[in-house]
Amino acid sequence: AGDLPPLGPATLLALCVQHSARELELGHLPRLLGRLARLIKEAVWEKIKEIGDRQPENHPEGVPEVPLTPEAVSVELRPLMLWMANTTELLSFVQEKVLEMEKEADQEDPQLCNDLELCDEAMALLDEVIMCTFQQSVYYLTKTLYSTLPALLDSNPFTAGAELPGPGADLGAMPPGLRPTLGVFQAALELTSQCELHPDLVSQTFGYLFFFSNASLLNSLMERGQGRPFYQWSRAVQIRTNLDLVLDWLQGAGLGDIATEFFRKLSIAVNLLCVPRTSLLKASWSSLRTDHPTLTPAQLHHLLSHYQLGPGRGPPPAWDPPPAERDAVDTGDIFESFSSHPPLILPLGSSRLRLTGPVTDDALHRELRRLRRLLWDLEQQELPANHRHGPPGATPP
């Protein structure tokens, strides 16, 4: 139901699991877990298909693709993000129950191995759901970012008469060229908060977005310098200022440490281009390698060899790499690989679901009453007619 609290589905399903573990025979729980996992997977796969139908990979020829807006991507991803959040909490809860079952069961019972195997299969399905919803979420978010990122290299933050915003500034106070990118980050932050996504998954979501942004911008920076007067101090200062404003905004949003880590390589590349020309001309290859350690020899050589020193001026001999690094310069790739992203690590520890205490949410309260009535109906059907009673009261179990 759309009016349930964000983790309402996981709460209701966990109550079913808890009821099975407490009240029913041991073999019921593995079968219940398998059915829940399959139903969740089917629901998620259907949502993914719906989004794919609305956002096809291949557009008709001659019809330009309209980039997703932050608002649109937020609407599209909300069902997936909710399932990611709920499945994460449900998986943690199920893991606890399976461990309890394993400890309490007779280890010599031949049925136990089969039951545990069924539980493992169910948990593997839930794991798959989390992985898939994460992949789909970051895919559409990065797809939205792709069209906004170039402005960080191209836009001039020093517009006439405007003051640069300080740390903690609202999105509307940021330079126009930065707002689209920050709008995607803000939409993702609001979405993860509204869906109550586990903090570890929030960090990893933004880690992936920042990884993609860093690689995309660094690759654009490398490509833009080939054969064009792009690597020069004045342009570098604009890019450095844009990047600082983005990092300051992310710091205010509580994402500063993650952003600093994943934007480090782009930041160091821009720092090199921001070195005043007179100071840069005095530097040697070895000192530049020491001062900019995250750049590969090929990347450093590319930036130096295309740096704009003035008409007719080429790189000084001091910038030449030594013979020991010449092969790394000649054969190394100047572009970042998008396949080297950090792996998704599922959160460990106890579930955040709270199944005890009063229920204060009206929508969840209504669903609990429905569950109680369902259980009562099932129990009454198993009793002789003269042993059946009236329906349960309104108080939830």
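The model is predicted: local features require pLDDT of at least 70, side-chain atom pairs count only at pLDDT 80 or more, and totals for chains, interfaces and linings use all residues. Residues are numbered from 1 along each chain as its sequence is written, and side-chain values use heavy atoms, with hydrogens and water left out.

**Stop 1: helix α7**

Select residues 199-224, which form helix α7; helices are DSSP runs of H or I, at least four residues long, numbered from the N terminus. Of its 26 residues, 20 are buried, so α7 is largely enclosed by the rest of the structure. Here, buried means under 20% relative accessible area, exposed means over 50%, and partly exposed lies in between (1.4 Å probe, protein chains only).

Next, select Asn214 within this helix. Asn214 is buried, with a relative accessible area of 6%. Beyond its neighbours within four places in sequence, Asn214 is in contact with Phe262, Phe263, Arg264, Lys265 and Leu266; contact means heavy atoms within 4.5 Å.

**Stop 2: from Lys265 to Glu336**

Remain at Lys265, which is buried at 13% relative accessible area. Which residue forms a salt bridge with Lys265? The partner is Glu336, and the closest N and O atoms are 2.8 Å apart. A salt bridge is a side-chain nitrogen of Lys or Arg within 4 Å of a carboxyl oxygen of Asp or Glu. Lys265 lies in helix α10 (residues 264-274) and Glu336 in the loop between α14 (323-331) and α15, so the pair ties together parts that are 71 residues apart in sequence.

**Stop 3: two further salt bridges**

The whole structure contains 15 salt bridges. Select Glu76 and Arg54, whose side chains meet in one of them (2.7 Å, N to O). Glu76 belongs to helix α3 (residues 70-104) and Arg54 to helix α2 (residues 28-54). Glu76 is buried at 10% relative accessible area, whereas Arg54 is partly exposed at 47%.

Then select Arg326 and Asp330, which form a salt bridge (3.5 Å, N to O). They are separated by about one helical turn because they stand four residues apart in helix α14.

**Stop 4: helix α15**

Finally, select residues 362-381, helix α15. Its buried residues include Ala363, Leu368 and Trp376, and the buried residues of α15 pack against α1 (8-23). Leu375, also found in this helix, is partly exposed, with a relative accessible area of 32%.

Technical notes. Helix = DSSP H or I, 4+ residues; strand = E, 2+ residues; numbered from the N terminus. Expected span 1.5 Å × (residues − 1).
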